[in-house]
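Subject: Structure handover

Hello,

Here is the structure for you to take over. Please open it first, then read the notes below it.

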Amino acid sequence: MSELKIKFEDGAAYEQMMGVWSQLVGADFLNWLSPVAGQRWVDIGCGNGAFSEQVVDLCDPLQVWGIDPSKAQISFAKTRPRAKQANFEIGDAMALPFDDHQFDVATMALALFFVPDPVQGVAEMRRVVREGGVVAAYMWDMLGGGAPMEPIHNVMRSRKISYPLPPSAEASRIEDMRKLWADAGFRSIETKVIHVERSFDNFDDFWNTTTASPALTSVLRDLDAKTQGDLKHSTQELLIAKANDPVICTGFANCIKGVV
């Protein structure tokens with residue numbers, strides 16, 4: 001699976017698929033962080049700004065910065081309704097463009113497993129947060145079946161069809177996350193698993209929305225029509241979904257937080 005890569009370059013497509021899922025987790029995640037008003041936040045790997053906007057809406061921050069390597073994603077983030085209350089900039093999670101101890105809270109929402117070197121990514125989060133501040137992240141449990149596209153992945157595995165995983169997928173395991181935080185020297189480390197579900201109008205709605213993810217479009221475009229059709233049919237059978245009935249899909253994310 002490693003020969004395939006996932007690239008998020010379309011902010012609108014990301015919003016339809018993963019942006020919605022991210023915010024379903026994000027609300028519970030932010031409540032778990034128990035933030036206080038007037039804090040300075042940095043959202044690293046902010047994508048199209050879906051989670052950054054939640055920070056603005058739910059946390060009454062003094063300042064929010066969103067950093068992502070994708071120019072297209074940052075451009076979309078700047079169009080969000082709360083964009084004027086946040087700052088979005090192209091940047092590298094392993095070399096953040098900020099001074100030491102600049103923020104009260106640093107987060108990565110569905111992003112750390114895309115960082116080539118998670119150890120460096122966590123070190124950079126720690127560097128830019130003041131003493132007593134919080135560094136936190138959440139990720140789909142990619143190796144434990146937590147991703148929202150797991151029903152399709154399940155069928156692909158059964159048919160030996162390769163699909164891409166994030167480059168640091170192992171970092172999404174809760175035990176690996178805890179080790180990353182412990183090795184970085186954080187105090188008061190806590191973990192949590194957040195389960196979410198999303199309703200789709202029918203199976204086609206689920207299929208069309210989910211396969212719009214770059215993680216799946218990169219696979220489907222190389223399959224012939226019959227194989228695509230068989231894959232779709234088998235996924236529908238796995239979900240026990242009738243064509244015109246609503247489909248409920250679930251996912252779960254592993255979460256961690258620690259104090260600098």
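Asp230 is partly exposed, with a relative accessible area of 28%. (Buried means under 20% relative accessible area, exposed over 50%, and partly exposed in between, with a 1.4 Å probe and protein chains only.) The model is predicted: local features need pLDDT of at least 70, side-chain atom pairs count only at pLDDT 80 or more, and totals for chains, interfaces and linings use all residues. Residues are numbered from 1 along each chain as its sequence is written, and side-chain values use heavy atoms, leaving out hydrogens and water.

**Salt bridges**

Asp230 has a partner: its side chain meets that of Lys226 in a salt bridge, 2.8 Å from N to O. (A salt bridge is a side-chain nitrogen of Lys or Arg within 4 Å of a carboxyl oxygen of Asp or Glu.) Lys226 is exposed, at 61%. Both sit in helix H9 (residues 225-238); they are four residues apart, so about one helical turn separates them. (Helices, H or I and at least four residues, and strands, E and at least two, are DSSP runs numbered from the N terminus.)

The structure holds ten salt bridges. Another joins Asp183 and Lys179, with the closest N and O atoms 2.6 Å apart. These two are also four residues apart, in helix H6 (residues 174-183). Asp183 and Lys179 are both exposed.

Arg127 and Asp100 form a salt bridge too, at 2.7 Å from N to O. Arg127 is partly exposed at 23%. Asp100 is partly exposed at 45%. Salt bridges also link Arg40, Asp104 and Arg130 in a network.

**Aromatic rings**

In one of them, Phe51 and Tyr138 have ring centres 5.7 Å apart and planes at 80 degrees, so the pair is edge-to-face. Phe51 is in helix H2 (residues 50-59) and Tyr138 in strand S5 (residues 129-140), 87 residues apart. Phe51 is buried at 2%. Tyr138 is buried at 0%.

Trp65 and Phe98 are edge-to-face as well, with 5.5 Å between centres and 65 degrees between planes. Trp65 lies in strand S2 and Phe98 in the loop between strand S3 (87-90) and strand S4 (103-109), so parts 33 residues apart in sequence are tied together. Trp65 and Phe98 are both buried.

Ring pairs also join Phe29, Trp32, Phe51 and Tyr138 into a cluster. The charged end of Lys257 sits over the ring of Trp32, 4.4 Å from its centre. (This needs NZ of Lys or CZ of Arg within 6 Å of the ring centre and within 35 degrees of the ring normal.) Arg126 does likewise over Phe186, at 5.6 Å.

**Cysteines**

How many disulfides are there? Zero, with a disulfide taken as a pair of cysteine sulfur atoms within 2.5 Å. The sulfur of Cys46 is 15 Å from the closest cysteine sulfur, in Cys59, too far for a bond. For Cys255 the closest is also in Cys59, 14 Å away, again too far. Cys46 is buried at 7%, and Cys255 is buried at 0%.

Best wishes

Methods:
Rings of Phe, Tyr and Trp (its six-membered ring) pair if their centres lie within 6.5 Å; planes under 30 degrees apart count as stacked, over 60 as edge-to-face and the rest as tilted.
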